Amino acid sequence: MSAQIFWTLPASGDGRSASRAGFSRGDFQGITRRAHGQGLTDDRGKHFTYYDQLFQVARAAESSGFKGVLIPWEPTGEDPWIVASALVRQTRRLVFLPELEPGFATPVYLAKMSVSFQRLSGNRLAWQFELERDPEVRRAHGDPLQGDDYFQRVDEYLEAARGVLITRAYDFQGRFYDVEKGGFDAPLAGTPPPPIFTSGSSDAALSLAGKRSDFHFVHAASLDATKSAIARLEKSASAHGRSVKPALRLQVVARHSDEEARAAARDASAAAALVGSYDYVAQRLDTYLQIGVERLILRGYPHLEEAYRLGEHVLPKLSVRRVEGQSAPSLLPNSNLQLGSN
Amino acid sequence: MSIDVYWRLPLHGCKGEFATVGYSRGDWGTPKPGNLAPGFDENGSDGEVFADHVADIARAAEISGFVGGLLVNFPGTDDPWALAPALARETKTFRFMIAFQPGFVNPVHAARMSASLQRLSQGRLVYNVITGGGGPAQLFWGDRVEHDDRYARTSEFLDVLRGVWKGAPFDFDGRFYHVENGGLPAPLSQQPLPEIYFSGSSDAAVAAAGRHADYYLSHLEPFEQLFRKLDRVKERAVKEGRSGKVALRFDILARRTPEEAWAEVSRGWQSLRPGALDKMFGQRGDSVGTQRQQAFRPAVVNHHDDLRVDQQMAPGLWGGFNLFRGGPGIGVVGSYEQAAEWLDRYLRAGVDAFVLAGTPHLEEAYRVGEEVLPLVRARSFDQVPVGHYEQQLVAS
């Protein structure tokens, strides 16, 4: 398997600066948009929603050669499942990785929703679960479990959600979930299960990832930290006789020169993990790929312009042979193009 | 008050003719030439997916004047929570009535999903809350909760959903749900709460509907049995200080003349496989509504005419629709005028909304929209008092 580069959809607003207070795209700061100057015609009215902007970002990512998009779950944001489902028919190749709270639906119902998503998208769904959500946030979302109980439930959840997708007459008896003769008949049967991504750096999270995940997000604080996190992940996975691929999330500010990038990062007040010239950023990303990271999930503000920038200036510099989806795009017209009418 | 008329989106597949058994639109049947979405070509499949066809039906329904559609939800269907957002950006006015069992989704996350869907569709989400059985055993779904307890859970679910929708801080400590300092973020909580269509015929269902439903949604039953139930629903709703509006869901097979319509039924009847009747009347799950539908079955059924319902009132109700697809059995067969008269009859009796359907769903949306709906004369009164249905029964 070769590596893939994903982009990120900003599920709780976007703007020219990474500073949330200044977000001018989306209505998350109580600002709808900047009005035109006096006397200028503005026909936008209520014709556009934030989803029109999210669609623009998704198309930018797809067009710029990203393999897929992560849709982060944030307490202040849109629901990632709805964002993914809303945009999937208007894109052709993009893989959608919505971040879902383990327990937002029952495992069987998550499986059912996902089967349909796979059917309508040509199998472009992957699941991301944050295993270390702040307990206070989880309590606000009807999930009071903590500690071992919580991890045991998530363990059952991931087992049952995948099990019911790949087995007919599926039986499961757990502490938290029971399923009797579950599973799907044709044509819902046989749908490929979405790959499971997880994140979380505690021992409990790594242990669960080793047992259940296909990909797990590791640290990016420094190259050494990333290496040691990968080593811990490998150890945890091998304890279960499995292999779990490392993934990495990075906010990037890339410009022609290091100086320009640093200035941009200051202006953007960005907590960016990776700031530098196109060459430098490409080199660093290559290093992550070389030490075994299989999925790089990038983001930058504003998400549309930066997707194009990285697609045009950085992705072409990566070790192309190792990276899927970054080769020269086909110029053949695609008959499956879905045009929106809203 | 204006009458909302919905259409059904067949997330279980469709077919080109009412009278055939088995689906040829979508991939529920055996793939063969003549199948659509996916279609068959020299490579095997033409690359269409069933969602392409569902989108076509939704657009046919909205352009024909239906306010939206019911997205049905069974183990064998595609899922409304995946389809509705996918189609929202491909339609303009179509409201998405999502059928779902509340127990399968966490209420706080359901609120976020719903509010996001409202933002995406600009307020076009409607709920069809289903709680009872009707499908396979609940453990297929991984659901341990028993029938009557499920209504208690539905009630809590909707309390939590409404609570977090108003924003933080919302606390709840119930039998099924516990929430601490919950609430939707601002731009989401400003969205309108979806209208709630509530289904279920048991006492537990009627009690929960009285508390939560904007519309109580029922299948057709024989007229008298149906309106005694609707009276019960209305009485309960008024006690809870709600309006007690009701909606009916049924299929229409309408043609220019009654003869043409019944010829379709007759053709279908002749194509039935042995045992189809027994299968149709077989018990499924713990749904009281299904049992009530089955109650009208005559002792002996030798001819499709034996499945006529309320023949003494007026021609045109027939109880064999579920011989040709899953779902409710009783629907309307007849001329465009007869179909419109049944709609008027229900409107006069106090019905407030309809969820209609016909096969094939795309073409029949146009037909019913063009030929039947224009003939309906909306009723001239707005409020339906308690006991109204009883009086209608006497009058009829």
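Mentor: Helices (H or I, at least four residues) and strands (E, at least two) are DSSP runs, numbered from the N terminus. Residues are numbered from 1 along each chain as written, while chains are lettered from A and ligands numbered from 1 in the order written. The model is predicted, with local features needing pLDDT of at least 70, side-chain atom pairs counted only at pLDDT 80 or more, and totals for chains, interfaces and linings using all residues, and side-chain values use heavy atoms, without hydrogens and water.

Trainee: Which helices of chain B each supply at least two residues of the negative patch?
Mentor: The negative surface patch is formed by B:Glu337, B:Glu341, B:Glu370 and B:Glu371; a charged patch joins like charges within 9 Å, from residues with over 30% relative accessible area and no salt bridge, and Asp and Glu count as negative. Of these, B:Glu341 lies in helix α11 of chain B and is partly exposed at a relative accessible area of 38%, where buried means under 20%, exposed over 50% and partly exposed in between, with a 1.4 Å probe and protein chains only. At least two residues of the patch come from each of two helices of chain B, α11 (336-348) and α12 (361-372).

Trainee: How many residues apart in sequence are the parts tied together by A:Asp155 and A:Arg212?
Mentor: A search over all chains finds 52 salt bridges, each being a side-chain nitrogen of Lys or Arg within 4 Å of a carboxyl oxygen of Asp or Glu. One of them joins A:Asp155 to A:Arg212, with the closest N and O atoms 2.6 Å apart. Because A:Asp155 lies in helix α5 (residues 147-166) of chain A and A:Arg212 in helix α6 (residues 203-212) of chain A, the parts tied together are separated in sequence by 57 residues.

Trainee: Are A:Asp155 and A:Arg212 buried or exposed?
Mentor: These are the residues whose closest N and O atoms lie 2.6 Å apart in a salt bridge. As for accessibility, A:Asp155 and likewise A:Arg212 are buried.

Trainee: How many residues apart are B:Asp56 and B:Arg59 in helix α1 of chain B?
Mentor: The side chains of B:Asp56 and B:Arg59 meet in a salt bridge, at 2.8 Å from N to O. B:Asp56 is partly exposed at 31%, and B:Arg59 is also partly exposed, at 31%. Their spacing within helix α1 is about one turn, or 3 residues.

Trainee: What is omega for the cis peptide bond that joins B:Ala168 and B:Pro169?
Mentor: Most peptide bonds are trans. In chain A, the bond from A:Ala186 to A:Pro187 is cis, with omega near 0 degrees, and A:Pro187 is placed in the loop between β6 (178-182) and β7 (196-199). In chain B, B:Pro169 lies in the loop between α4 (147-165) and β5 (170-173), and the cis bond that joins B:Ala168 to this proline has an omega of about -5 degrees.

Trainee: What is the relative accessibility of B:Ala37?
Mentor: Most residues other than glycine have a negative phi. A:Lys181, in strand β6 of chain A, has a positive phi near 50 degrees and is exposed at 57%. B:Ala37 also has a positive phi near 50 degrees, but its place is in the loop between β1 and α1 of chain B, and this alanine counts as buried because its relative accessibility is 6%.

Note on methods. Patch = residues over 30% accessible without salt bridge, like charges linked within 9 Å, V, L, I, M, F, W, Y side chains within 5 Å. Areas by Shrake-Rupley, 256 points an atom, 1.4 Å probe, with all protein chains shown as cover. Charge placed at Lys NZ, Arg CZ, Asp CG, Glu CD.
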